[in-house]
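User: I am new to this structure. Can you walk me through its charged side chains?

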Amino acid sequence: MQTIQRIAINEDTYLKQLELADAEELFLLTDSNRKNLMEWLPWLNYTKKVEDSRQFIQATIQQYNDNRGINYGIWYQGRLAGTVGVHTVDWINKKTSIGYWLGAQFQGKGLMTEAVATYLDVLIFGSWDLEKVTIQAATENDKSRSIPERLGFQLEGILRRNEFLYDHYVDHATYSLLKEEWLDWKTDKKS
């Protein structure tokens with residue numbers, strides 16, 4: 001798997017592969033956004049101290065070492081704003097799925113749309129040459145769903161009671177994008 005340690009998005013924003021040195025900043029971002037993130041992400045009860053973020057980063061490093069994908073921090077004006085990465089890469093079928101989150105103080109700037117578009121272009125459909133990518137988001141999570149909708153993904157359907165969030169289940173909207181659709185979307189955007 002080809003990796004790029006740092007990928008520029010624009011002059012203020014870049015993706016950088018998560019490193020153990022990022023654990024404290026990742027934990028502080030997570031902890032300061034705990035209430036917002038708990039609305040849609042199931043792992044906050046397992047992230048209670050810096051060591052938990054360090055273990056997550058170590059797992060992402062192992063994922064990379066096992067040739068199963070890369071997780072990046074999204075850096076905006078020198079600060080960690082969120083993360084984007086794949087859950088795992090299915091090399092046999094040339095497909096993967098993306099997950100992402102952004103601190104509330106960084107939302108509304110187009111950062112996540114640009115981060116996911118860059119990840120798709122440089123890695124998923126670029127150096128990895130995959131055929132398909134999926135994104136799942138809770139049906140009520142309009143902010144998260146807007147990312148694949150802006151980037152030309154197709155809604156494949158709704159998975160009922162797909163995820164348990166602390167005390168209730170949520171349905172997920174499942175979106176997919178094929179390599180040829182991404183190339184067409186990029187061409188349409190340029191014209």
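Predicted model: local features only at pLDDT ≥ 70, side-chain atom pairs only at ≥ 80, totals over all residues.

User: How many salt bridges does the structure hold?

Analyst: Start with the general idea. Side chains of opposite charge can pair when their charged atoms come close. In this structure there are 11 salt bridges. Lys16, Glu19 and Asp22 are joined in a network of them.

User: Which residue forms a salt bridge with lysine 179?

Analyst: Aspartate 129 does, at 2.1 Å from N to O.

User: Is lysine 179 buried or exposed?

Analyst: Buried, because its relative accessible area is 19% and the cut-off is under 20%. Aspartate 129 is partly exposed at 35%.

User: What about aspartate 52: which residue is its salt-bridge partner?

Analyst: Lysine 49, with the closest N and O atoms 3.5 Å apart. Aspartate 52 counts as buried at 15%. Lysine 49 is partly exposed at 47%.

User: And which residue pairs with aspartate 66?

Analyst: Arginine 68. Their closest N and O atoms are 3.5 Å apart. Aspartate 66 is partly exposed at 40%, and arginine 68 is partly exposed at 32%.

User: Where is arginine 145 found, and what is it in contact with?

Analyst: Arginine 145 belongs to helix α5 (residues 142-150). Its relative accessibility is 15%, so arginine 145 counts as buried. Beyond its neighbours within four places in sequence, its contacts include Leu155, Ala173 and Tyr175.

Technical notes:
Residues numbered from 1 in each chain as written. Heavy atoms only, no water. Helix = DSSP H or I, 4+ residues; strand = E, 2+ residues; numbered from the N terminus. Buried < 20%, exposed > 50% of the residue type's maximum accessible area, 1.4 Å probe, protein only. Contact = heavy atoms within 4.5 Å. Salt bridge = Lys/Arg side-chain N within 4 Å of Asp/Glu carboxyl O.
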